[in-house]
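User: Hi! I'm new to reading protein structures. Could you walk me through this one?

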Amino acid sequence: MKTLKQLQTMKDNQEKISMVTAYDYPSARQVEAANIDIILVGDSLGMTVLGYESTVQVTVEDIMHHAKAVRRGAPDTYIVVDVPFGAVGVNEQYDLENAIRLYQQTNANAIKAEGAHLTKYIKNCSNMGIPVVSHLGLTPQSVGIMGYKMQANNKEAALQLIEDAYAVQQAGAIMLVLEAVPSDLAREISQKLQIPVIGIGAGKDTDGQVLVYHDILNYGVEHQAKFVKQYGDFSIGSDALAQYNQEVKNSEFPSEAHTYKKQVMNEVTE
Ligand code: KIV
């Protein structure tokens with residue numbers, strides 16, 4: 001497993017960091033086998049696996065259930081767990097209790113929280129010993145306000161994002177995920193910050209990249225964002241299932257090869 005120190009050294013040496021989401025045991029096993037540096041148990045779980053409309057419906061219990069399976073599948077990978085909507089930003093005690101539960105019960109290496117308003121929370125968690133990854137730019141938990149579109153695409157908003165990035169670093173964030181922002185701005189922030197900046201829809205000049213497992217593999221994807229590249233095609237699973245269905249209906253399956261052939265009925269009737 002990469003340590004935080006090693007991830008930091010990767011940034012310092014300009015070695016790119018890879019991150020991908022995973023939500024269950026088999027996907028975690030695949031990600032670990034691919035030597036990806038970091039797994040994110042993202043709240044994109046809501047849309048990719050649970051059939052929710054957005055990340056807003058995801059609960060602490062949902063994330064914990066899936067993160068525990070991911071840890072079982074990837075015992076040797078640095079895992080970041082999302083703090084879901086409503087589990088932070090309420091009051092200090094409630095926020096911290098949720099952070100402790102998520103961190104302690106999932107055996108993750110860090111938690112990730114969306115938004116520039118959470119500097120105090122990042123500080124409190126850091127003081128407790130909980131490493132926090134900040135997430136700025138497009139923050140999907142605020143989709144009701146910002147929509148799914150590029151952020152910080154004018155001078156004022158760009159300067160604000162730079163200020164916010166400094167603020168979360170200053171508060172103790174160990175890493176920053178930067179989503180759907182212009183690539184020149186993402187490059188500037190990556191160069192200015194000491195902590196690793198992981199981009200998604202933020203161009204190639206960040207310290208690393210993150211994508212959603214289901215997007216990479218075209219697995220049940222209903223809408224694909226501009227910044228997604230598909231590397232595989234799990235949609236062929238539907239063809240396989242249709243063929244299975246057909247073979248059951250035609251009595252083609254199971255064939256001899258899939259059948260136990262030992263004769264026992266003679267013995268039974270003797
Ligand atoms: O939940 C998620 O998958 C994320 C990534 C898009 C960064 O937060």
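This is a predicted model: local features need pLDDT of at least 70, side-chain atom pairs count only at pLDDT 80 or more; totals for chains, interfaces and linings use all residues.

User: Got it. Which residues are around the ligand?

Analyst: They are Thr21, Leu40, Gly42, Asp43, Ser44, Asp82, Lys112, His135, Val177, Glu179, Ile200 and Val212. By class, this shell divides into 4 nonpolar, 4 polar and 4 charged residues.

User: How far is a polar side-chain atom of Ser44 from an oxygen atom of the ligand?

Analyst: That distance is 2.5 Å. Lys112 also has a polar side-chain atom by a ligand oxygen, at 2.9 Å. For Asp43, an N or O atom of the side chain is 3.0 Å from an oxygen atom of the ligand.

User: And how much of the ligand does the protein bury?

Analyst: The protein buries 95% of the 260 Å² that the ligand exposes when taken alone.

User: Nice. Which pocket is the ligand in, then?

Analyst: The ligand takes up space in the largest pocket. The volume of that pocket is about 960 Å³.

User: Which residues are closest to the centre of the largest pocket?

Analyst: Of the 40 residues that line it, the closest to the centre are Met47, Tyr148, Asp215, His223 and Ala225.

User: Which elements give two or more residues to that lining?

Analyst: There are helices and strands in the list: helix 3 (45–48) and helix 10 (213–216), along with strand 4 (110–114), strand 6 (175–179) and strand 8 (208–211).

User: How does the lining split by class?

Analyst: The lining of the largest pocket has 19 nonpolar residues, 11 polar ones and 10 charged ones.

User: Changing topic: is the peptide bond from Phe253 to Pro254 cis or trans?

Analyst: The bond from Phe253 to Pro254 is cis, and its omega is near 0 degrees.

User: Where is Pro254 in the chain?

Analyst: Pro254 belongs to the loop between helix 11 (237–249) and helix 12 (265–269).

User: You mentioned two backbone spots. Is phi of Asn35 positive or negative?

Analyst: Phi of Asn35 is positive, near 65 degrees, and Asn35 is a residue other than glycine. You can find Asn35 in the loop between helix 2 (25–33) and strand 2 (38–41).

User: Great, I'll look for both loops in the viewer. Thanks!

Definitions and conventions:
Residues are numbered from 1 along each chain as its sequence is written. Side-chain values use heavy atoms; hydrogens and water are left out. A residue is near a molecule or strand if one of its heavy atoms lies within 4 Å of it. A polar contact is a pair of N or O atoms within 3.5 Å; within protein, one must be able to donate a hydrogen and the other to accept it, and residues adjacent in sequence count only if both atoms are side-chain atoms. Accessible areas come from the Shrake-Rupley method with a 1.4 Å probe; for residues, only the protein chains shown count as cover. On a 1 Å grid over the protein atoms alone, a cavity is a set of points where a 1.4 Å probe fits but cannot get out, and a pocket is an open set with protein on both sides within 12 Å along at least five of seven lines; lining residues have an atom within 4 Å of a point. A molecule sits in a cavity or pocket if more than half of its atoms lie within 2 Å of its grid points. Ala, Val, Leu, Ile, Met, Phe, Trp, Tyr, Cys and Pro count as nonpolar, Asp, Glu, Lys and Arg as charged, and the others, Gly among them, as polar. Grid points are joined across faces, edges and corners, and a volume is the space filled by probe spheres set on the points. Helices (H or I, at least four residues) and strands (E, at least two) are DSSP runs, numbered from the N terminus.
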